[in-house]
Amino acid sequence: MNPTDSVAPSERIVTLDIVRGFALLGIFIMNMPGFSTSFWAEADGSRLWNDPLNKYAEIVRDMLFSGKFNSMFSLLFGIGFTIQLGRVVARDADGATGLYVRRLAALMVFALLHVCVIWTGDVLHIYAVLGFGLLLLRKASDRVIIGLIIATLLWPPISGTLRIIFMNPEIVAAMVADAKVWEASNNLAYGRGSFIDAVREHSAEFVHFYDSLWRAWGIFGFWVQMTTTMLIGFLIGRGGWLQRIPELMPAIKRWQWRLLGIGIACSLFFGIVGEQYRFPGPHPMKLLIGMAYVLSRLALMLFYVLTIVRVAQLPIWQSRFSGIAAAGRMPLSNYILQSIIGTAIFYGWGLGYWGQVGPAAELLLAIAIFFIVQVPLSIWWLARFEFGPLEYLWRLLTYGRRPRALAPLVSPH
């Protein structure tokens with residue numbers, strides 16, 4: 001079998017497609033504020049939206065969605081790594097590593113185009129870099145991987161403690177002032193500027209995320225969170241858990257509700273107590289709030305995944321989730337499309353609604369666009385083509401020649 005051949009329908013893991021589709025929806029919900037307002041807004045602890053509807057919509061959104069779905073995507077990336085590399089090794093053992101390096105390099109190309117041209121909040125470049133880390137760890141023992149997961153979970157309290165020790169009020173004031181400058185710059189470039197103005201701002205902003213010790217320190221914390229769930233996914237994929245779902249169902253049921261309890265308790269703590277500590281700078285209580293966020297992020301994400309896995313085993317729900325699964329079969333195309341749609345709605349070069357839509361409307365807008373535009377479009381596309389457009393290009397860049405596409409899984413007629 002040629003390594004560029006498509007995955008046969010019988011090889012597809014439909015449950016993964018469904019989970020990936022839900023991850024796309026959650027990511028869109030959480031990315032919507034980044035399309036409509038500056039990342040640097042509220043750096044001084046203030047709120048852009050103080051009316052009760054938007055205030056509580058923002059709190060509930062953050063409690064239920066923040067960090068849960070990009071971590072779900074990184075979990076899926078770790079699972080997918082083991083599956084894809086295993087298939088490549090089976091087809092071409094000698095060239096497997098080189099081929100996967102090309103795959104990650106191609107992903108980095110998409111990431112840099114996305115972050116510099118379309119939207120600064122790209123996460124693909126992080127996945128690409130961490131993917132190289134997975135290549136280095138592919139022969140490491142489970143004990144080593146578990147040790148790394150524990151280390152990543154210990155980083156937030158260590159980082160918070162170091163911030164209390166080394167970050168003084170002068171540094172905090174300088175960072176807030178810097179954020180206000182960037183917020184004003186974003187408002188001009190994204191809110192009122194041309195497409196070229198936005199491109200220039202994206203590139204400069206992306207560099208600024210990493211050109212300062214304190215900014216890079218904060219971004220590094222996000223990298224660590226992505227690493228945690230990617231390594232968990234790596235263990236799940238390598239352990240063949242997806243192929244053992246019926247056998248593991250009793251454990252899945254038990255852990256589903258335990259994780260929900262942990263996730264809700266931690267979400268309530270960081271959501272309610274965190275409201276009292278919105279001011280900038282470190283504080284001992286923020287150590288607890290930060291750990292509650294990390295545990296909530298991990299526990300609720302795993303609860304969502306286990307719930308979807310349980311429900312997806314029922315034929316009637318597989319049918320009902322078929323549209324979401326179609327979106328999940330085109331994750332790269334749909335992720336980039338979300339950025340294109342989001343910026344076209346809010347940026348000055350588009351419809352120009354920058355800064356005019358609050359959290360409540362953003363939540364509804366993300367759900368509406370996903371189910372009214374992205375799901376039907378994915379179904380339509382996959383009725384005619386085996387791959388999403390960017391997935392096809394990704395394979396072309398990886399293998400250096402056109403993949404042999406299978407017949408569509410759904411007849412266009």
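Visitor: Which residues form one aromatic cluster?
Guide: Happy to start there. This is a predicted model, where local features need pLDDT of at least 70, side-chain atom pairs count only at pLDDT 80 or more, and totals for chains, interfaces and linings use all residues. Residues are numbered from 1 along each chain as its sequence is written, and side-chain values use heavy atoms, leaving out hydrogens and water. Rings of Phe, Tyr and Trp (its six-membered ring) pair if their centres lie within 6.5 Å; the one cluster is formed by Phe28, Phe35, Phe39, Trp40, Trp119, Trp182 and Phe209.

Visitor: How many aromatic pairs does this rule give?
Guide: A pair of aromatic rings is described by the distance of the centres and the angle of the planes. Planes under 30 degrees apart count as stacked, over 60 as edge-to-face and the rest as tilted. By the pairing rule, the count is 30 aromatic pairs.

Visitor: What kind of pair do Phe270 and Tyr293 make?
Guide: Their ring centres are 5.3 Å apart. The planes stand at 80 degrees, so the pair is edge-to-face.

Visitor: Which residue sits over the ring of Trp217?
Guide: The test is NZ of Lys or CZ of Arg within 6 Å of the ring centre and within 35 degrees of the ring normal. At 4.9 Å from the centre of the Trp217 ring lies the charged end of Arg163.

Visitor: At what distance from the ring centre of Trp255 does Arg258 lie?
Guide: Here too a residue lies over the face of a Trp, with Arg258 above Trp255. The distance from the ring centre is 5.1 Å.
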